[in-house]
There are 4 protein chains.
Amino acid sequence: MNKKIFEFEMKVRDYECDAQGIVNNANYLHYFEVTRHEFMTSLGSSFKESHALGVDPVVSRADLHYKTPLIGNDLFVSSLTVERKGIKIIFYQTINRKNDGALCCKATIEIAVIVNGILSRGDYYDNLMTEYL
Amino acid sequence: MNKKIFEFEMKVRDYECDAQGIVNNANYLHYFEVTRHEFMTSLGSSFKESHALGVDPVVSRADLHYKTPLIGNDLFVSSLTVERKGIKIIFYQTINRKNDGALCCKATIEIAVIVNGILSRGDYYDNLMTEYL
Amino acid sequence: MNKKIFEFEMKVRDYECDAQGIVNNANYLHYFEVTRHEFMTSLGSSFKESHALGVDPVVSRADLHYKTPLIGNDLFVSSLTVERKGIKIIFYQTINRKNDGALCCKATIEIAVIVNGILSRGDYYDNLMTEYL
Amino acid sequence: MNKKIFEFEMKVRDYECDAQGIVNNANYLHYFEVTRHEFMTSLGSSFKESHALGVDPVVSRADLHYKTPLIGNDLFVSSLTVERKGIKIIFYQTINRKNDGALCCKATIEIAVIVNGILSRGDYYDNLMTEYL
């Protein structure tokens, strides 16, 4: 579960909160996805570019633990680490509130790679994340 | 704008409400889009099918008047009528709360038709909506 | 997990699909939430009503397994069963494509109950789901 | 409409694109809302703070003209100017793609102010935007 290799800061948008006044549970999956895609961008690729090459990452499992809820306007830091596990790529992701570091959500996200419509090992990502996998 | 030619009933989903406890303004554009796509489906086509044929409807203008706000669990009726105006297809759409008929939102939505990436008159839609255009 | 106690049918809305042409992973959490809230409604309560009483269900964990992806216009059946586990209420939820029954997503969703801002056992739900818990 | 008084830069998130590969029309209302709320924050208030005081801005009309579509990963600049018109506050908002300045969407958004549940002139905003109204 080691040290974080990528961090991305975001701010809660008011429309992401529901009638309870807290960020709706589904939006954390959006935050985590944005963070993974920004990570890809930081490595010189992008979701769009890999898609154009016929390489599509698809979430095969997401296990989320919700802790302190985020509310409107909260700044938060979304960070990740990654490892390969057989055919899957596993991201360990956390979201912490910025002002006090409180853990808001932590997740294990498994990615399967579809290459031209077929489940594949996705060497594209090994090349991209060679430093980390 | 004259009599409605299509009606579709929906129910507010709680996550569509924001911290004010009312449906967030952006979601009405979702409701209107769903209604247009269901209208296409009722005519024997679909958004997906036209997209596969290279025919993509794109919103070029949306003018929305918000009246009574919808809240969680509200049932509502979304209805539309349509006309052609030069190269554009114009939908007149309304959303009324079901229990008392209160007008919640009315909109004029202009659709431009992109055929294989090029702005076009979109005869595909004339054929589809021949009864109404 | 044993037999389903509630089923709710929905249809994919085109805006719920992302650039990959499949339903974005976060929307399954929306579908599951809608189903739980419809289940509450079927029992004579509602998310809105319990919120007004100061009783708020909050997702504390969500473990989702994604199988066959849903695409635009797909009809699907969302079903659930429920059990109490200490202070938590656990929902076992599945989404199956309607035309062929293919499993699209299955999830274990843990709900913590907040009563007037304090984590609580949430007897409100025991009373509501007395037949099932 | 005259010179911009506030600018806010954002980046398209991939999940905001629909199956057409472009940002779904409804998301522009989200972008515009985020920008108005960030504007409030820049003035020393916030949507959350005004809500806590019983002052709620509500969109009463939104007239959007869609031009060049944004796609995944695009950076864009969202800017606004504001004026009072009787009981309403009118925002003139534009979204331009960052790399070439292309106009993506421009909108006129009318805000009605609800104070403790009653439609009101909303002097709260006059005080806040005293420099601009």
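This is a predicted model: local features need pLDDT of at least 70, side-chain atom pairs count only at pLDDT 80 or more; totals for chains, interfaces and linings use all residues.
**Notebook: how the chains meet**

I number residues from 1 along each chain as its sequence is written, and chains are lettered from A and ligands numbered from 1 in the order in which they are written.

**Entry 1: chain D against chain A**

I looked up how many residues take part, and found 13 residues from chain D and 13 residues from chain A. On the side of chain D that touches chain A, the elements giving two or more residues are α1 (25-42) and α2 (47-52) of chain D. I took helices (H or I, at least four residues) and strands (E, at least two) as DSSP runs, numbered from the N terminus. α1(D) gives the most to this side of chain D, with 5 residues. By class, I recorded 3 nonpolar, 6 polar and 4 charged residues on the side of chain D that touches chain A. In this scheme Ala, Val, Leu, Ile, Met, Phe, Trp, Tyr, Cys and Pro count as nonpolar, Asp, Glu, Lys and Arg as charged, and the others, Gly among them, as polar.

I then laid chain D on chain A, which took a turn of 180° and a shift of 0.0 Å along the axis, with an RMSD of 0.0 Å. The two copies are thus related as by a two-fold rotation axis. The superposition is by least squares on the C-alpha atoms of residues with pLDDT of at least 70 in both copies.

**Entry 2: chain C against chain A**

I turned to chain C, where 16 residues are in contact with 17 residues of chain A. The elements of chain C that give two or more residues to this side are α1 (25-42) and β2 (55-66). β2(C) gives the most to the side of chain C that touches chain A, with 9 residues. I sorted the residues of this side into 7 nonpolar, 6 polar and 3 charged.

I next examined the strands. Strand β2 (residues 55-66) of chain A is joined to β2(C) by 5 bridges, and the two run antiparallel. Strands pair if DSSP finds at least two bridges between them. I noted that L64(A) stands opposite A62(C) in β2(C).

Chain C can be laid on chain A by a turn of 180° and a shift of 0.0 Å along the axis, with an RMSD of 0.0 Å. In chain C, the C-alpha nearest the axis belongs to D63(C), 2.1 Å from it. I found that 100% of the contact residues of chain C recur in chain A, and the same surface serves both copies.

**Entry 3: chain A by itself**

I counted 3 helices and 6 strands in chain A. Along the sequence, chain A follows the pattern β-α-α-β-β-β-β-β-α. Its radius of gyration is 15 Å, close to the 14 Å that the globule rule gives for 133 residues, so chain A is as compact as a globular protein of that length. The radius is taken over C-alpha atoms, and the rule is 2.2 Å times the number of residues to the power 0.38. I noted a box of roughly 40 × 30 × 25 Å, taken along the principal axes, for the C-alpha atoms of chain A.

Of the 133 residues of chain A, 42% count as buried. I call a residue buried if 20 or more other C-beta atoms lie within 10 Å of its own, exposed if 12 or fewer, and partly exposed in between, with C-beta atoms placed from the backbone. Among contacts in chain A between residues at least 6 apart in sequence, 66% join residues at least 24 apart.

**Entry 4: helix α1 of chain A**

I checked the span of α1 (residues 27-42) of chain A: its 16 residues reach 22 Å from first C-alpha to last, close to the 22 Å expected at 1.5 Å a residue. The expected span is 1.5 Å times one less than the number of residues. α1(A) is mostly covered, with 13 of its 16 residues buried. I noted that α1(A) is followed by G44(A), whose phi is positive, near 100°.

Note on methods. Two residues are in contact if their C-beta atoms, placed from the backbone, lie within 7 Å.
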